[in-house]
Amino acid sequence: MKRIIPSRTGIARISRRGMLKGLAAGTAGLLLNPLPRREMLAAPAGKSGRSTVSFVTGSDRREMVYEAMKPFEKEIREGIAGKKVVIKPNFVVNSVPLSATHADAVRGILDFLKPIYKQKIIIGESTLNKDGTGVAYKNYGYLDIPDKYNVELADFAEASFSRQWILDDKGHPQAVDISDPYLDPEVYMISVTRLKTHDTVVATLALKNIAMGAPFNNSEVGNVQKRKMHKGEPVGLNYNLFLLSKLVMPDFSILDGVEGMQGNGPVGGFAMDHGVVMAGNDCIAVDRVGLETMDIAYDDVGYLQWCSNAGMGQGKRDMIDIEGPDPKQYVKKYELHKNIDWQLTWKKA
């Protein structure tokens, strides 16, 4: 991908026409080539059906993310072998730092991967803003990362896409275009996001970061497939997240709760000083523990329950082992979105 160059207005921007000319071959293939979809992914639970989540406390986000990945070094080494590694942060918009994945969380991932992965790593996202994801990379402190690591910053609004199917507000099949990097079986996808409340499905966590990021999103040309996911909300969004999760399950998940967002998330909330990070290769289990630390009832989040019930991950708390201190000692009660009663009407649908 071309360097992100500040425009004459001083705002960083990814060139829409020339962006792909400077891509390395692997990155160009990732963004341009039609891809076979992933097989439906199941969580890598142990023989007993148990899953493990690492849990780290402190205040140094970068170091905490690194330490949270260490218990899974063997599994990560095996998983990334021969694959293209993609790190998916969560930005949503270009100018609200508290809504975005902190750059130090990504630096912690890159510190961990540097000695065990020598290929170029892609950091990829597409925001809702018409001025392009390059502005988010600038505003959120990502622009110097490629100078220090073998990394490309990618705007997935430039990716090719493939057609998949979700439901509309009448329960009828509805076509949705999915950015191909999320479907590529040769990609090892890492999800990294803050603990955040949400305005429709209660919480934004690791799985939603991927499943909601996957629909093609190019606001500049008016092609925002993400809007289709909300048809029939809140039950519709929960169910559509479940449907897409079968295709785009991340390979590894990290929840950054050093500073979470509570209240009217995923953009309009306020800070929760929490001091926790959790990680694992079963994103359902990671999200389950994330909810516990936010003092949010697992039964309130429909898409996670349905994914767990479908065998895509471990949602039963007594089947999740913790590597690190007991998360129950680090629970903080997040204030939920003001429309939470409406969100929970999915249970009656």
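The buried residues of α9 pack against β7 (161–167), β8 (173–179), α7 (206–211), α8 (226–229) and α11 (302–309), contact being heavy atoms within 4.5 Å. This is a predicted model, in which local features need pLDDT of at least 70, side-chain atom pairs count only at pLDDT 80 or more, and totals for chains, interfaces and linings use all residues. Residues are numbered from 1 along each chain as its sequence is written, and side-chain values use heavy atoms, with hydrogens and water left out.

Me: What makes α9 mostly covered?
Reply: Buried means under 20% relative accessible area, exposed over 50% and partly exposed in between (1.4 Å probe, protein chains only); eleven of the 14 residues of α9 are buried, among them Leu 237, Phe 242 and Val 248.

Me: How do you know that the span of helix α9 (residues 235–248) agrees with its 14 residues?
Reply: The expected span is 1.5 Å times one less than the number of residues, which gives 20 Å for α9, and because its end C-alpha atoms are 20 Å apart, the two agree.

Me: Why is strand β4 (residues 84–88) called largely enclosed?
Reply: Four of its five residues are buried, so the rest of the structure largely encloses β4.

Me: What makes β4 and strand β9 (residues 187–197) a pair?
Reply: Two strands pair if DSSP finds at least two bridges between them, and five bridges join β4 to β9, the two running parallel; Val 86 has Met 189 as its bridge partner in β9.
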